[in-house]
Amino acid sequence: MDQPALLSESNLSALPPLFAEWFRARGWQPHPHQLQMLRAAEAGASALLIAPTGGGKTLAGFLPSLVDLAACPHEGLHTLYISPLKALAVDIQRNLTQPIAEMGLDVTCETRTGDTPQSKRQRQRRKPPGILMTTPESLALLLSYYDAPQVFAGLKCVVVDELHAIAGSKRGDLLSLGLARLETLSPGCRRVGLSATVHDPDWLAGWLSPTAEPDDVTRVIGRDGAEAEVEILTTKEYLPWSGHMAVHAIAEVYDKILTAETTLVFVNTRAQAELVFQELWRLNDDGLAIALHHGSLAVEQRRKVEAAMASGKLRAVVATSSLDLGIDWAAVDLVVQVGAPKGSARLLQRIGRANHQLDQPSRALLVPANRFEVLECRAALEAVAARSLDGDPPKPGGLDVLSQHILGTACAGPFSADDLYREIIRAYPYKSLTKKDFDRTLDFVASGGYALKSYERYRRLGLDTHGFYRVSNLQHVKRYRMNVGTIVEAPVLKVRMRNGRVLGEVEEYFVNALLPGDSFIFAGQLLAFEGMRDNTVLVSRAKGGDPKVPAYAGGRLPLSTHLAERVRGILSNPAQWHNLPPAVAEWLKIQRWRSVLPDASGLLVETFPRGEKEFLVAYCFEGRNAHQTLGMLLTRRMERAGLAPLGFVATDYVIAVWSLKPAEDLAGLFDEDMLGDDLEEWMAESSMLKRTFRKVAVIAGLIEARAPGQEKSGRQVTFNADLIYDVLRKHEPDHILLQATRADAAGGLTDIGRLAEMLKRVTGRIEHRRLDKVSPLAVPVLLEVGKEQVAGSGLDELLDEGAQALIDEATEGMELGVGQAELPL
């Protein structure tokens, strides 16, 4: 648990004697913000605590509950702790039992997650513990039982940890509705929010508030900790122009691990985690204890790694976002981020995993995978130093999540539509929900809506003689409980060794491409695919061969708007280049000599011939999702203009389109009106919208990924979703699930909002440079064309033998590494 400050009698007198003695025995005193949280609890106020990692947030959240339980023994559930991660709930429970035991408190403290045995879950409903640690999904499940009013009747406090990581997501929407339900079942229950990184405290306070009003929540701000020591690795190896795996730098990462006590190596994708782990293990001549942790591994393996880390038995762990949050490992003294962080708040969160002590600086190393990532890492470093955090603006709660919640409420017992509506608009994401949209959503849950009401399976609710809605069939209750939650992963299959041990899960589409004997890397091992049995992937240890790597649908996060602005600022200001590695500074100088650099607010577009094709490269810096959408729309326009587009490729920084004829009217091509008819036509035809609809339909309960007695394959779910999507588009185009799908697509896979902002910003500010050959800044995106993954040190190399020729072409006339002083500044 985060440590309070060293001993001083000044604040101990504010604690009850038993607690003051416990602090004194440890040589601690409470932080001021911990005492403020106590005072807020005494006043019966909900409170939002914003404090840096190592500032004792966890203890501050639980201290009022422990003090209350020590003074007034409580029968049943007193405090509910909600965490975004199962591992965090387990970790907090483990840490909380220590002060409870040392002070001799008669308080039971347990966890309840998807990993909790069924017998224990049933017992927890019959006899709830005093403090229960759980997740948003498990809370939704608990609220769906008929005895929820009895379980939660005496609830005094709800603690939401890492609040910033939940609010604003669909999981947050579901949790906000659950909190509104708890307010009905246990009026006056206090809410406590704990957060380290907050870009908009007003929004977070409003989200936490029982009334959806920010002013109804007491805000407590902890003092800042020591300044983090963060550096960017300047590799001694050749810095790639493109690629995302940073294999070139792993030997240098290994050297850093050797000098640290315990290191957390963060990566951005699960596939990258597997490869970085393998590369570190290959270099591990010193026999260091290095482990792997990501969400697709078997829960037993994850828990084993967490326990080993907590007990100080590991020198390093390679991890994804599965360990971004809150796990208390004070022994971690170095955090390594492999690949660009994509956002300053995310980086700050990861840096905070080091030391977990307020007065000691966290040490972190950023390892960019390519030249553009060097710029992004530099931008992130500046943002962290300025305490400038990024974050998405609040958006209304999803109607698909609302559908799930309505059905879950009915599973617990009959409800009045008017009462439920009044309850729902107390949840911050739904405070502006109109009665009309609520009624439409309720009608969908009850009957399927106009287009589906003739099908009995979609008639899930009925009205009784008192005008209350009830579940029409107990099968709907079973289906709800098997599919509760908002995390819709790509369909996965269990991976099982020949001896029966389950290693974890991989995506179904990845397995579909395997043949018996194919090898792939998973769970830190080289495995051979033997075949399928009962929806399980059977494997054995492979003896060798070129491995494939599991490709996880979670994918890479797009570059945040905030960091994008800083990257553009660095590019347009040569005065900032002195902090860059020589290879990167030289790259930018050659770009300025060959063409021009993008400015901070306009749009640079380069066009040039290469081979038999014409290339257009736009330096948008709006993230991969927005660029993918832009590519689709640009090629449609170019087709109509007779330019014969052949394809495009998008990165987080740049988009490249190739065609048979050159583009000349750039202002017309990038006009804002492309988000009108072009967008509507593309979205209507796009498979992307169907993929989004599938997720919406699963969350809303229209399609079950799991049903009693069976689990559907991903192919079955997709087939069913596509059929229903086509029916709704044809017969009920304003169906609430299509409305929810368009809203999700706009803010997610397509990032239309961000694209719209860019097109508006660059109107009248497009600089077109017609070149006779590729520019240095365009090389990275062109190297992405036709790129394939290969194993080991060749991972970031192109199969295209012309890769070096492309670089030579861009730098022709310049001898790299020589005569830098002669380059024009």
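Let's start with the largest cavity: 17 residues line it, and His244, Asn370, Thr651, Tyr653 and Glu784 are the ones nearest its centre. By cavity I mean a set of points, on a 1 Å grid over the protein atoms alone, where a 1.4 Å probe fits but cannot get out, and lining residues have an atom within 4 Å of a point. Two elements give two or more residues to that lining, helix 16 (371-385) and helix 31 (779-783). Helices here are DSSP runs of H or I with at least four residues, strands are E runs of at least two, and both are numbered from the N terminus.

How big is this cavity? Its volume is about 130 Å³, where volume is the space filled by probe spheres set on the grid points, which are joined across faces, edges and corners. In total the structure holds 9 cavities of 30 Å³ or more.

A quick word on what you're looking at. This is a predicted model, so local features need pLDDT of at least 70 and side-chain atom pairs count only at pLDDT 80 or more, while totals for chains, interfaces and linings use all residues. Residues are numbered from 1 along each chain as its sequence is written, and side-chain values use heavy atoms, with hydrogens and water left out.

Now the whole chain. It has 32 helices and 29 strands, and of its 825 residues, 60% count as buried. Buried means under 20% relative accessible area, exposed means over 50%, and partly exposed is in between, with a 1.4 Å probe and protein chains only. The chain exposes about 33100 Å², and carbon and sulfur atoms supply 50% of that; the areas come from the Shrake-Rupley method with a 1.4 Å probe. Take the contacts, meaning heavy atoms within 4.5 Å, between residues at least 6 apart in sequence: 72% of them join residues at least 24 apart.

On to charges. How many salt bridges does a search of the whole structure find? The count is 32, with a salt bridge being a side-chain nitrogen of Lys or Arg within 4 Å of a carboxyl oxygen of Asp or Glu.

Here's one to click on: lysine 170 pairs with aspartate 400, and their closest N and O atoms are 2.3 Å apart. That pair links distant parts of the chain, with lysine 170 in helix 10 (residues 170-185) and aspartate 400 in helix 17 (residues 399-412), 230 residues apart. Aspartate 400 counts as buried, at 0% relative accessibility.

Next, aspartate 147 forms a salt bridge with arginine 125, and there the closest N and O atoms are 3.2 Å apart. Aspartate 147 is in the loop between helix 7 (136-143) and helix 8 (148-152), and arginine 125 is in helix 6 (residues 118-126), 22 residues away. Both ends are buried: aspartate 147 has 12% relative accessibility, and arginine 125 has 17%.

Arginine 303 and glutamate 306 meet in a salt bridge at 3.1 Å, N to O. They both lie in helix 14 (residues 299-310), 3 residues apart, about one turn of the helix. Arginine 303 is buried, as is glutamate 306. Elsewhere, salt bridges that share partners join Arg568, Glu622, Arg754 and Arg761 into one network.

Most residues other than glycine have a negative phi. So which way does alanine 212 go, positive or negative? Positive, near 65 degrees. Alanine 212 is in the loop between helix 11 (201-208) and strand 9 (217-221), and is buried at 1% relative accessibility.

Phenylalanine 621 also has a positive phi, near 55 degrees. You'll find phenylalanine 621 in the loop between strand 24 (613-619) and helix 24 (624-640), buried with a relative accessible area of 0%.

Finally, go back to helix 11, where glycine 206 lies. Glycine 206 is buried, at 0% relative accessibility. Its C-alpha atom is 9.2 Å from that of alanine 427, a residue 221 places away along the chain.

Methods:
1 Å grid on protein atoms, 1.4 Å probe; cavity = no way out; pocket = protein on both sides within 12 Å on 5 of 7 lines; lining within 4 Å.
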